[in-house]
Amino acid sequence: MPGEAGKSRLSHPNFSPCRFHSQKGKSQLAPLFFNIIKMAFPGRKYISKLSGNHILIFGGSSGIGYCVAEASLEHGATVTISGSGPAKLTAAVDKLKSTYPELAGGVHGYTCDLSQPQALEANLETLFRNACPDASSKLDHVVFCAGNAIKPVPITGATVDSFQAASYVRLLGSAMVAKLAPKYLVPGPASSITLTSGTMGDKGYPGLAANSTYCVAREGLAPGLAFIPEVSILSR
Ligand SMILES: NC(=O)c1ccc[n+]([C@@H]2O[C@H](COP(=O)([O-])OP(=O)(O)OC[C@H]3O[C@@H](n4cnc5c(N)ncnc54)[C@H](OP(=O)(O)O)[C@@H]3O)[C@@H](O)[C@H]2O)c1
C-alpha cells in the first residue's frame, strides 16, 4: 500500500512491521509465517511493510479487490473482504483460504450491501464492527474496489432516479466509508483509505453518462477528504 508522499511509514511511531492483531480465531501460524518472511528477507523495508497489518477490502470478493486481498496476504497482512451477498463472498473467502492455507486464520469476510442509500450507514457500521471486534483488530488500510453492474441508459432515456442510482455504490459508498472508517483505523499517516475510480471520466461510452459523471466525482472526493486527520487518502 503506498504511503503518502513525503511521509515515511517506517519512521512513524504507529508503524510496526511485526505487529499482529490478536483477533479471535486468527491462525497461530500467521505470526510464525510473518517472522519467517522477516528472517528470510532481513533489512527489506518494502517487502514486509504490510506484515501484520489488517486490511479491509470493499469489493474483495472478485476482480481487482480479490487481487488486492491475495497481494495483501502475500505481503503478510490479514484481510477482511466484503461484497453484497453471501454466496460469492463465501466462495471468495474459501478460495483465499485454500490458496493460502497457512494464512487461513487471517482471512475474514462479511457482507455489506452498498446499494441501499437508506441503509448504507447502518450496513457499514455493522461491517466495521464485525471487522474490528476489539481495539487490537483495528484497521491499517481500507481499500474500496466495490462496483455494481450498471445497465447503460442513453441520456434520452435517463430519469432522475436512474441517474442518481448510478452513484449509490461507487460514490455514496466511497463517501460513507470515508466518513466512518477513521473510527476503526489505527490513527496516523501510515493508515490509508484507497478509492478506485476509472477512465470513464476521461472518455465517454454510449449510455454511460452517469458512470462517467461519478468517475470524475470520485476523483474529486479524494482531495475533499484530505482533511480527515491523520489518515492518508489515495485515489485512482
Ligand atoms: N476491471 C477494470 O478494468 C476496471 C478498470 C477501471 C475501473 N474499474 C473499477 O474498479 C472497480 C472494481 O472493478 P472490478 O473489475 O474488480 O469489478 P468486479 O470484479 O465486478 O468486482 C466488483 C466487486 O464489488 C462488489 N459489489 C458489487 N455490488 C455491490 C454492492 N451493491 N454492495 C457491495 N459490494 C458490491 C462485488 O461483490 P458482489 O457481486 O458479491 O456484490 C465485487 O466484489 C469498479 O468500480 C470498476 O468500475 C475497473
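Predicted model: local features only at pLDDT ≥ 70, side-chain atom pairs only at ≥ 80, totals over all residues.
Trainee: What makes up the protein chain in terms of helices and strands?

Mentor: The protein chain has 7 helices and 6 strands. From the N terminus on, they follow the order α-β-α-β-α-β-α-β-α-α-β-α-β. Of the 236 residues in the chain, 36% are buried. Among contacts with a separation of 6 or more, 69% join residues 24 or more positions apart.

Trainee: Why is H6 called roughly parallel to H7?

Mentor: Helix H6, residues 168–180, and helix H7, residues 209–224, pack at an angle of about 15 degrees, with their axes 9 Å apart. Angles under 35 degrees count as roughly parallel, so H6 is roughly parallel to H7. The crossing in which H6 passes H7 is left-handed.

Trainee: Which residues of H6 and H7 meet?

Mentor: From H6 come Arg170, Leu171, Ser174 and Ala175, and from H7 come Tyr214, Ala217, Arg218 and Leu221. The residues of this contact of H6 with H7 comprise 5 nonpolar, 1 polar and 2 charged.

Trainee: What makes the contact between H4 and H6?

Mentor: H4 contributes Leu120, Glu121, Leu124, Glu125 and Phe128, while H6 contributes Leu172, Gly173, Met176, Val177 and Leu180. By class, the residues of the contact of H4 with H6 are 7 nonpolar, 1 polar and 2 charged.

Trainee: How do you know whether Tyr214 is buried or exposed?

Mentor: Tyr214, found in helix H7, has 26 C-beta neighbours inside 10 Å. A residue is buried at 20 or more, so Tyr214 counts as buried. Leaving out residues up to four places away in sequence, Tyr214 touches Ala166, Ser167, Arg170 and Leu171. The C-alpha atoms of Tyr214 and Gln164 are separated by 9.7 Å, and the two residues are 50 residues apart along the chain.

Trainee: Why is Met200 called partly exposed?

Mentor: Met200 has 17 other C-beta atoms within 10 Å. Buried needs 20 or more and exposed needs 12 or fewer, so Met200 falls in between and is partly exposed. Met200 lies in the loop between strand S5 (192–195) and H7.

Trainee: What is Met200 in contact with, leaving aside its neighbours within four places in sequence?

Mentor: Met200 is in contact with Tyr205, Leu208, Asn211, Ser212 and Cys215. Cys215 is 15 residues from Met200 in sequence, and their C-alpha atoms are 6.4 Å apart.

Trainee: What makes Gly60 count as buried?

Mentor: Gly60 has 30 C-beta neighbours inside 10 Å. Against the cut-off of 20 or more, that is why Gly60 counts as buried. Gly60 has its place in the loop between strand S1 (54–58) and H2. Beyond four places in sequence, the residues that Gly60 touches include Gly65, Tyr66, Val79, Ile81 and Gly83. Gly60 and Ile81 are 21 residues apart along the chain, with their C-alpha atoms separated by 4.7 Å.

Trainee: Which residues come nearest to the ligand?

Mentor: Gly63, Gly83, Ser84, Gly147 and Gly198 come nearest, of the 24 residues around the ligand. Helix H2 (63–74), helix H3 (86–99) and H6 each supply at least two residues of the shell. H2 gives the most, with 3 residues.

Trainee: How do the residues of the shell around the ligand divide into nonpolar, polar and charged?

Mentor: The shell holds 7 nonpolar, 14 polar and 3 charged residues. Gly is counted among the polar residues.

Methods. Residues numbered from 1 in each chain as written. Axes fitted to C-alpha atoms, helices over the stretch in contact; angles between N-to-C directions. Helix = DSSP H or I, 4+ residues; strand = E, 2+ residues; numbered from the N terminus. Parallel < 35°, antiparallel > 145°, perpendicular 65-115°, else oblique. Left-handed = near helix turned anticlockwise from the far one by under 90°. Contact = placed C-beta atoms within 7 Å. Near = placed C-beta within 6 Å.
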